Amino acid sequence: MLDKTLDRMQSHQENPTEAPKIPTLLENKVLGILGVTHPLDSPQFDPTDYMNKLFPNEQSLASIDTVIHKIEYKMTDTSLEAERLTNAQSELGNTGAKELGKAKEAIKELFQKIQDIKAKAAQSETMVHAITQDVKSLDYAKRHLTHSVTALKRLQMLVTAVDQLETLSHNKQYKDSAQLLQAVVQLMQHFKSYKSVPQIAQLSDRITKLKLHLEEFVLQEFDQGFNGDGTLVGQPWLLNDACFVASVLGEEPKEKILKKYIDLQLMSYRQIFRLSEETSQIIHISRRYAFLKRILKICDEKHSEIFPVAWCASGRLCQQFCDYTKIDLESLLTSSPQLDVKELLKALQLTIEFEGQLKKRYEKHASEAQSLRSVKLIGKKEEPVFHFERSISACFIPYLWIYINAEDKTLKIMIESYTLSDKSVEDDTNMTVLPSSTDLFYFYRETLAQCAKFSTGKALWDLCQLFSKYLYSYCNVIILSESVLNEKRVITSEYFRFVSLALNTADYCYITTAQLEEKLKETIDSEYTEKVDLKDVQETFMNAVSICIDTITRGIESNCEAYFQQMAKLSWGTMDTVGDQSVYVSALQDSIKRSIVIAGKTIANKRYFRTLNDRFAESFLSKYLLNIFKCRPVSEIGAEQMLLDTHTIKTLLMDIPFMRPEGSMTIPTSYAKLVNKGISKVEAILKIVMTPIDPIDGYIENYIFLIGDKHMVNFTRILDLKGLKKPEQSPLVEAMQRKILHTEELKDNSGILPSIDQVTATPISNLPSSITTSFSTIATSASNFSPNALQQFGGVGKTGRLNENFRKLVMTGMAFRKDLQDRRDQQHN
């Protein structure tokens, strides 16, 4: 839009007679900014509308003269305002041109002044340079003169000091010579750049020869100060002064003196403990260390005044002793055909203790040397830092496999001994785990600590593998021993307690193995940390826990087997009355409670006790269901008696979670669901057995309602359980087949009945009538039952509980029969 406006303005300039056309939007914006509100100024001005507003009717035409006068006044005022603005704009253009000319003139004057200032500054600089040139020359002369005078003074001091040093060295005044030699060395540093001057070169040669002579004198003093066996015969103060001279001469003379001294002190050691001598054997290693202690005692008492503290001569002596000893021991260990583990460990233990003593002796010296190194003192040489740890014992590391093999044999013997020692636990009622487990892990802890002192590398890794090996062995040989897994063993209370102890032990080993793994990872070298993994061992112990739980479950079931046989021998097909719970149920109660109580008292972990309850309940109910099929034929009365017994068994199973000293306050939900599911299967089968086969349709409807499948084998098995012969079953089977054709929602197999393979093929049916159970005999048995043995389990054996169970079951049977009769009546109607 702006471009169009500019084009129009340019067109207007080319055609002045043509009025410029400004866009309406732009014009409105400008009028808004200027605050113009008069209708005559509006771009959309319409004369007709304006006139209509002024004269809306005929009566308003009377004021036309007034309106014309106002418009003329407006036109005059507008013309004057336009003329004023035009004149002002013209004057403003002329004034701007004049001001621009004045600005240009001012810039020219300023530029000229800057040029003048630069010229004057250059003149001033030339003048100052000329004035100060002489001053600079004098300053350079003064500086050179001062330097020359200083050099001459130093040269004079150096020549004088060299002359005095020659005199002092010939007189063996080593202390003064050391101080003067240090000054000579420092002064000579200033003349390094003047070596090309002949006089300075000659003086430097004199100083070099003087150093060599001093070094010879100092070494001679030490040769004369000690005899051939290292005994001090010279003056300690003289040797001490000689050491100061050696310190100034540099490291080489100092090292020569220390080497000479150390060789003299250890000469007798090398002779006494030659490899060919009996004293060099590993069994005499303590004598080696005792020899060094005697030498150190002599050094501390007689030689401490000779050497400067910074030299740490005794530390250097110990370091060389360690090097010699390590070489000798490596040769002995290599050449020994068979090493005794006791001698090896004793020697290694003594060596580690000896290294610890040396480390403690020179620990202060090492810390002081480290502080000097950290602050970097000027003029101080770094003191030696000694590392005595494993300086000798490192040679034993490759032979620690002997120690590992010995531990292997020891652990093997221990595992074998535990087989007998743990049998005595059966008489100790206060034990919660097998004592062998605590003994084993105590041995592990001590062995780990001992091996860590010897080595934290490969030897400890080998020991870790050994630990893993015998943890497997302990689990398989001790925890899962023949005493636990032997199914032919007589199942007694002691057996349940022993298996429960084995379970506690497996859990204890599982937890302690995790702690052992963590300790091994903390101790072993970093390169082996990732390799340490005892998760498989922990899994083995957890499997052992599961096996122990299954073993206890099988043991309880084994004790119940005799009572299940009693159950199978009863004449369920000829039973004519329903009494209280059967005798075999009471015996089952006693047996199960006795075993569960022992396990509950012994098993330490509540979680494992709950697992035992779950597994036992599931297994027991499956076996109970199997035994029902072994009892065929079962009459309707017999099924009703079984239903009563089943309710008693359910009550027993629901009481099991409370059979523990600190028994559960509530029955776990998962356990209750498991028991109810198993009991419901039994009740469904017994209820269909209680159902009369007449009418047939009623029986089939009840079967579909309770069993809910179309599996014909299951249908015929129920008929077999009722004692029906094949001809009697035919109408029922045909009716069932017809029903299946018209019923689509039935399952193929509901899974309520046990598989055929689990059920014994030959039922026990030909029993004498004398074995039939009547209400009176069961009541007599119930009256002889002692409730005191069950009171500790939340009132399981309270008086009246059995009669209450009987009443509930009778009412349940009556209700079930009434329901069947109602169904039949509905079908007939």
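Is the crossing of helix 13 and helix 15 right-handed or left-handed? In this predicted model, local features need pLDDT of at least 70 and side-chain atom pairs count only at pLDDT 80 or more, while totals for chains, interfaces and linings use all residues. Residues are numbered from 1 along each chain as its sequence is written, and side-chain values use heavy atoms, with hydrogens and water left out.

The crossing of helix 13 and helix 15 is right-handed, that is, the near helix is turned clockwise from the far one by less than a right angle. Helices here are DSSP runs (H or I, at least four residues), numbered from the N terminus. Axes are lines fitted to C-alpha atoms over the stretch in contact, and angles run from 0 to 180 degrees between N-to-C directions. Contact means heavy atoms within 4.5 Å; among the residues that make it are I404, L411 and Y418 of helix 13 and L463, L466 and Y470 of helix 15.

A second pair to look at is helix 6 (residues 198–225) and helix 8 (residues 251–272), whose axes come within 11 Å and cross at roughly 10°. This crossing of helix 6 and helix 8 is right-handed.

Finally, E517 lies in helix 17 (residues 493–523). E517 counts as buried because its relative accessibility is 4% (buried means under 20% relative accessible area, with a 1.4 Å probe and protein chains only). Beyond its neighbours within four places in sequence, E517 touches V532, D533, L534, K535 and Q538.

Definitions and conventions:
Helices (H or I, at least four residues) and strands (E, at least two) are DSSP runs, numbered from the N terminus. Buried means under 20% relative accessible area, exposed over 50%, partly exposed in between (1.4 Å probe, protein chains only).
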